[in-house]
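Here are my notes on the model you sent over.

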Amino acid sequence: MPGITREEVAHLARLSRLELQAEELDHFAEQLDVIIGAVARVSEVAGQDVPPTSHPLPLTNVMRADEVRPSLTPDQALSGAPAAEEQRFRVPQILGED
Amino acid sequence: MTELIRFTAAQTASAIAKGEVSAVEVAQAHLDRIDAVDKKVNAFLHVDTEGALSAAKAVDEKRAKGEELGPLAGVPLALKDVFTTKGVPTTCGSKILEGWIPPYDATLTSRLKDAGVVILGKTNMDEFAMGSSTENSAYGPTGNPWDLTRIPGGSGGGSAAALAAFEAPLAIGTDTGGSIRQPGAVTGTVGVKPTYGAVSRFGLVAFSSSLDQGGPCARTVLDAALLHEAIAGHDPLDSTSIDAPVPAVVEAARMRDVRGMRIGVVKEFAGEGYQAGVMQRFNESVELLRELGAEVVEVSCPSFTLALPAYYLIAPSECSSNLARFDAMRYGLRVGDNGSRSAEEVTALTREAGFGPEVKRRIMLGTYALSSGYYDAYYGSAQKVRTLISRSFDEAFAAVDVLVSPTTPTTAFPIGERADDPMAMYLADLCTIPSNLAGNAAMSLPCGLAPEDNLPVGLQIIAPAMADDRLYRVGGAVEAALNDKWGHTLLEEAPAL
């Protein structure tokens with residue numbers, strides 16, 4: 001499998017919402033290339049007819065009774081917020097001007 | 001009262017129940033010990049003096065009223081800083097959560113409180129439990145009490161070091177790829193990864209949800225069993241929690257009899273990369289099991305050689321998704337919100353400032369493994385490997401009751417040695433990872449010191465899912481035989497701090 005380039009790492013950083021510094025990009029590109037080279041061995045089983053396992057427990061649709069129960073108060077829920085206003089999380093703008 | 005800090009949890013609880021010592025005295029003795037040695041060890045990120053003393057006082061009052069005390073009432077405990085504690089800081093070893101005070105307790109935290117366990121504070125860890133040395137903590141590394149220039153293992157290095165430094169008789173860890181067992185091995189303490197789903201994950205800050213499992217850390221097998229019993233059991237708040245009775249682990253720890261048990265030595269966990277002294281102590285342990293009346297056979301699990309690569313695709317993939325919650329909007333750090341930047345820009349600046357290098361590496365690795373074009377080759381293949389590993393275990397457990405191996409290929413390495421070499425660091429979890437991928441139960445317990453460096457070696461025992469009691473049966477028997485042979489416990493050989 002191909003190695004990973006600095007440009008690909010920059011793209012991954014954008015997808016991962018990480019504003020990496022230039023020197024970090026160089027360093028991570030080198031390290032991720034080594035790691036990906038080492039883990040690529042899993043593709044040895046790629047063609048095999050083996051079902052995937054996503055989870056160790058064979059559980060599906062675990063339900064609970066739909067009952068009202070105690071939950072956090074607005075003050076508690078907002079207690080760790082970087083900014084709050086009128087019992088709401090105050091966030092930077094999420095849409096552009098246009 | 002120095003001897004109080006050397007008591008086992010079982011002895012401590014019994015002394016408190018009999019009124020030979022008060023829970024407050026026990027808590028104070030441990031707080032004094034932390035005061036005296038933790039500047040050197042750095043096992044604790046936060047010491048909750050007030051909370052500990054008030055919990056201890058409550059136990060003493062309960063006793064004074066003649067109320068029945070649980071088997072761990074008044075016993076101090078060091079809690080890994082990845083479980084939420086209402087009103088007490090929880091950082092996960094990360095700058096992004098610095099100063100965060102959770103508004104709720106994890107189920108595990110509540111259970112400890114209900115059992116009268118005295119939580120002394122929160123322990124140091126690799127950031128978000130990603131690492132094998134505790135060097136990835138944003139708050140500085142923890143020293144191994146056997147040699148402070150060496151790593152105490154990770155991610156739960158703080159919890160293991162607190163035990164080995166006699167700062168607490170009990171601790172809690174979480175094990176995603178070995179983070180309870182490997183620190184246990186390199187500090188000469190006992191660590192158990194229960195069956196996946198045995199201990200609630202509600203309030204355990206998620207790293208890799210299909211692998212993360214909380215579990216007990218202690219200085220003796222019986223103490224680990226008592227703690228296991230206190231924290232395990234069904235929790236409706238965790239949909240992956242097992243709704244079945246907890247195996248009789250305490251009873252098993254007291255059996256001290258392995259006659260007739262079938263024990264498999266995993267062939268793949270030996271050879272290149274394994275330290276000679278580790279293999280020597282491991283082979284002696286296998287011989288000991290034979291002398292104790294167990295039937296020992298060699299078992300081959302070829303798929304285990306693919307466990308490490310599969311793990312380093314699955315765990316980062318789940319981590320990249322789980323850690324998306326650290327978006328600077330609802331809690332934790334927010335950086336660069338100057339009124340003109342967008343939410344997305346603020347998120348990216350905050351994550352850049354708040355996460356350390358290993359967390360960033362894993363988030364990007366996971367993002368890569370899950371991205372279109374690579375998903376089948378990487379994540380998809382890793383999931384197939386996971387199936388093959390479970391099948392290898394199933395085949396092995398059809399022939400034997402438990403498997404054994406060294407817990408980790410080497411003893412504690414020097415702080416700094418592997419810090420910027422991710423692949424070298426990842427090798428520390430070579431023997432522990434298969435159990436996380438399959439979701440079964442595993443323990444590490446001390447089996448001696450490696451002759452070449454006089455540092456602790458861990459023996460790993462692996463049992464099928466829901467057969468956690470077998471770990472304690474074998475572990476209890478090995479521990480008793482080794483202590484008889486040595487005339488004392490291994491930790492008594494640790495240097496004074």
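Predicted model: local features only at pLDDT ≥ 70, side-chain atom pairs only at ≥ 80, totals over all residues.

1. Chain A holds three helices and two strands, and their order from the N terminus is α-α-α-β-β. Its radius of gyration is 22 Å, well over the 13 Å that the globule rule gives for 98 residues, so chain A is more spread out than a compact globule. The C-alpha trace spans about 50 × 45 × 30 Å along the principal axes. Of the 98 residues of chain A, 20% count as buried.

2. The contact between the chains. Chain A gives 46 residues to the contact, and chain B gives 56 residues. On the chain B side, the elements that give two or more residues are α10 (307-322), α11 (343-354), α12 (357-370), α13 (376-399) and α14 (422-426). The largest share of that side, twelve residues, comes from α13(B). By class, the chain B side has 30 nonpolar, 15 polar and eleven charged residues.

3. A kinked helix. Helix α2 of chain B, residues 23-41, has a kink of about 40 degrees. The kink is centred on B:Asp35. Buried residues of α2(B) include B:Ala27, B:His30, B:Arg33, B:Ile34, B:Val37 and B:Asp38. Note that B:Arg33 and B:Asp38 are on that list. The cover over the buried residues of α2(B) includes helices α1 (9-18), α3 (49-64) and α5 (157-164) of chain B. It also includes strands β1 (44-47), β2 (76-80) and β3 (118-123) of chain B. Just after α2(B), B:Asn42 takes a positive phi of about 60 degrees.

4. Strand β3(B) and its partners. Is β3(B) buried or exposed? Six of its six residues are buried, so β3(B) is largely enclosed by the rest of the structure. β1(B) runs antiparallel to β3(B), joined by three bridges. β2(B) pairs with β3(B) in the parallel sense, over five bridges. B:Lys122 in β3(B) is the bridge partner of B:His46, and B:Lys122 is also the bridge partner of B:Leu79.

5. The nonpolar core. The largest nonpolar core has 185 residues. Those with the most contacts inside it are B:Leu72, B:Leu77, B:Val118, B:Ala310, B:Leu313 and B:Ile461. Take B:Leu72 as an example. Neighbours within four places in sequence aside, B:Leu72 is in contact with B:Ala9, B:Ala13, B:Ala115, B:Gly116, B:Val117, B:Leu226, B:Leu227 and B:Ala230.

6. Backbone points to check. Most residues other than glycine have a negative phi, and most peptide bonds are trans. In the loop between β3 and α5 of chain B lies B:Ser155. The peptide bond from B:Gly154 to B:Ser155 is cis, with omega near 10 degrees. B:Thr134 lies in the loop between β3 and α5 of chain B, and its phi is positive, near 65 degrees. B:Thr134 is buried, with 34 other C-beta atoms within 10 Å. B:Phe166 is found in the loop between α5 and β4 (170-174) of chain B. The phi of B:Phe166 is positive too, near 60 degrees. B:Phe166 has 22 other C-beta atoms within 10 Å and is buried; the cut-off is 20 or more.

7. Strand β11(B). Eight of the eight residues of β11 (residues 456-463) of chain B are buried, so this strand is largely enclosed by the rest of the structure. In a regular strand the side chains alternate between the two faces of the sheet. B:Pro456, B:Gly458, B:Gln460 and B:Ile462 point one way from β11(B). B:Val457, B:Leu459, B:Ile461 and B:Ala463 point the other way, and residues on both sides are buried.

8. Partners of β11(B). Strand β9 (residues 402-406) of chain B pairs with β11(B) in the antiparallel sense over four bridges. B:Val404 has B:Ile461 as its bridge partner. B:Ile461 is also one of the core residues with the most contacts. Strand β10 (residues 441-449) of chain B runs antiparallel to β11(B), with seven bridges between them. There, B:Ser444 stands opposite B:Gln460. The hairpin of β10(B) and β11(B) has six residues between the strands, and in it B:Asn454 takes a positive phi near 55 degrees.

Definitions and conventions:
Residues numbered from 1 in each chain as written. Chains lettered and ligands numbered in written order. Rg over C-alpha atoms; globule rule 2.2 N^0.38 Å. Buried ≥ 20, exposed ≤ 12 C-beta atoms within 10 Å, placed from the backbone. Contact = placed C-beta atoms within 7 Å. Nonpolar A, V, L, I, M, F, W, Y, C, P; charged D, E, K, R; others polar. Bend = angle between axes of the 7 residues up to and from the residue. Core = buried A, V, L, I, M, F, W, Y, C linked by C-beta atoms within 7 Å. Pairing = 2+ DSSP bridges.
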